[in-house]
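Student: I have a chain on my screen and want to learn to read it. Where do we begin?

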Amino acid sequence: MAVLSTLPVQWLCTLLLLLGVASALKFELAAHTGGESHLKERCIRNFVGRDVMVAVKSTVSGYKGDGMIVNILIRDALGNEYGRPRDVVGESRVVFTSHSEAAFDVCYENLFAGSHRPSPGLREIELDVDIGADARDWSAIQANEKLKPVEADLRRIEEMTSEVVREMEYLRSREQKLRDTNESTNTRVKWFGVGTTWLLIGLWAWQIMYLRAYFRSKHLI
């Protein structure tokens, strides 16, 4: 009976965890000699909130000494740098906590090394970015806290749910700010229209009075 009672919980955990799974991004990166490298690097951008854990996992093909060097640079739009792995081959994992609410870039560059020019000069790269609860090492947490698999899954789902709630609160606050800005703009436009209308009415009255005085001075009326 105990085994049967845990099956629905396990199925629920599995289904909820599958919702947060994202496929990794795979692409090929051509090597170059290093001139204007900032124009030839490949960058992938993502957005993250403040004080959020991010795990960037890169898997680079090739081997050291094959004539190519792949460097990685992780930075955000505000200039904060979170990692700069050099000569990456195989799997590389960088974990950091964001300093501010901003977009961050994971940039790759592939440089020729020495006089050897491999053909084709390409490296295959696989990128996987985990944010929030997905960025934590749940295997280590499960081992350190001696949790059962279902308990670890429930902990992860709880954190993911909390993140969704925080995201909804953030969106609600943003929507409120945008609504307040929209209402303020509408009020300003309304009073600007009213002021413009009264200004035109005043100008029209002044023109009539001026023209009447002018024609009277000329004895035309």
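Tutor: We begin with burial. A residue counts as buried when its relative accessible area is under 20%, and as exposed when that area is over 50%; in between, it is partly exposed. Keep in mind that this is a predicted model.

Student: Is phenylalanine 27 buried or exposed?

Tutor: Its relative accessibility is 11%, so phenylalanine 27 counts as buried. Tyrosine 108, at 0%, counts as buried too.

Student: How many helices and strands does the protein chain have?

Tutor: Four helices and eight strands. Read from the N terminus, the order is α-β-α-β-β-β-β-β-β-β-α-α.

Student: What should I look for in a nonpolar core?

Tutor: Look for buried nonpolar residues joined through side-chain atoms within 4.5 Å. Here the largest core has 18 residues. Those with the most contacts inside it are Val56, Ile74, Phe96, Phe104, Val106, Tyr108 and Ile125.

Student: Which elements give two or more residues to this core?

Tutor: They are β1 (25-30), β3 (53-60), β4 (68-76), β6 (90-97), β7 (102-112) and β8 (122-131). Apart from this core lies another, of five residues, including Trp138, Ile141, Leu147 and Met160.

Student: What is valine 56 in contact with, leaving aside its neighbours within four places in sequence?

Tutor: Its partners are Ile74, Ser92, Arg93, Val94, Phe96, Val106, Leu127 and Asp128. Now take the chain as a whole. Among contacts between residues at least 6 apart in sequence, 75% join residues at least 24 apart.

Student: How do I read an aromatic pair?

Tutor: Check the distance between ring centres, then the angle between planes. Planes over 60 degrees apart count as edge-to-face. The count here comes to five aromatic pairs. In one of them, the rings of phenylalanine 27 and tyrosine 108 have centres 5.7 Å apart and planes at 70°, so the pair is edge-to-face.

Student: Which parts does that pair tie together?

Tutor: Phenylalanine 27 lies in strand β1 and tyrosine 108 in strand β7, so the pair ties together parts 81 residues apart in sequence. Elsewhere in the list of rings, Tyr82, Phe96 and Phe104 form one aromatic cluster.

Student: Now charges. How many salt bridges does a search of the whole structure find?

Tutor: Twelve. For each, ask two things: where the partners sit, and how exposed they are. Take arginine 75 and glutamate 41, whose side chains meet at 3.1 Å, N to O. Arginine 75 is in strand β4 and glutamate 41 in the loop between α2 (37-40) and β2 (42-48), 34 residues apart. Both are partly exposed: arginine 75 at 28%, glutamate 41 at 22%.

Student: Where do lysine 64 and aspartate 87 lie?

Tutor: In two loops. Lysine 64 is in the one between β3 and β4, and aspartate 87 in the one between β5 (81-83) and β6, so their pair ties together parts 23 residues apart in sequence. Their salt bridge is 3.3 Å, N to O. Lysine 64 counts as exposed at 52%, whereas aspartate 87 is partly exposed at 25%.

Student: What separates arginine 179 and glutamate 175?

Tutor: About one helical turn, because they are four residues apart in helix α4 (residues 149-217). Arginine 179 is partly exposed at 35%, and glutamate 175 is partly exposed at 41%.

How values were computed. Residues are numbered from 1 along each chain as its sequence is written. This is a predicted model: local features need pLDDT of at least 70, side-chain atom pairs count only at pLDDT 80 or more; totals for chains, interfaces and linings use all residues. Side-chain values use heavy atoms; hydrogens and water are left out. Buried means under 20% relative accessible area, exposed over 50%, partly exposed in between (1.4 Å probe, protein chains only). Contact means heavy atoms within 4.5 Å. Rings of Phe, Tyr and Trp (its six-membered ring) pair if their centres lie within 6.5 Å; planes under 30 degrees apart count as stacked, over 60 as edge-to-face and the rest as tilted. A salt bridge is a side-chain nitrogen of Lys or Arg within 4 Å of a carboxyl oxygen of Asp or Glu.
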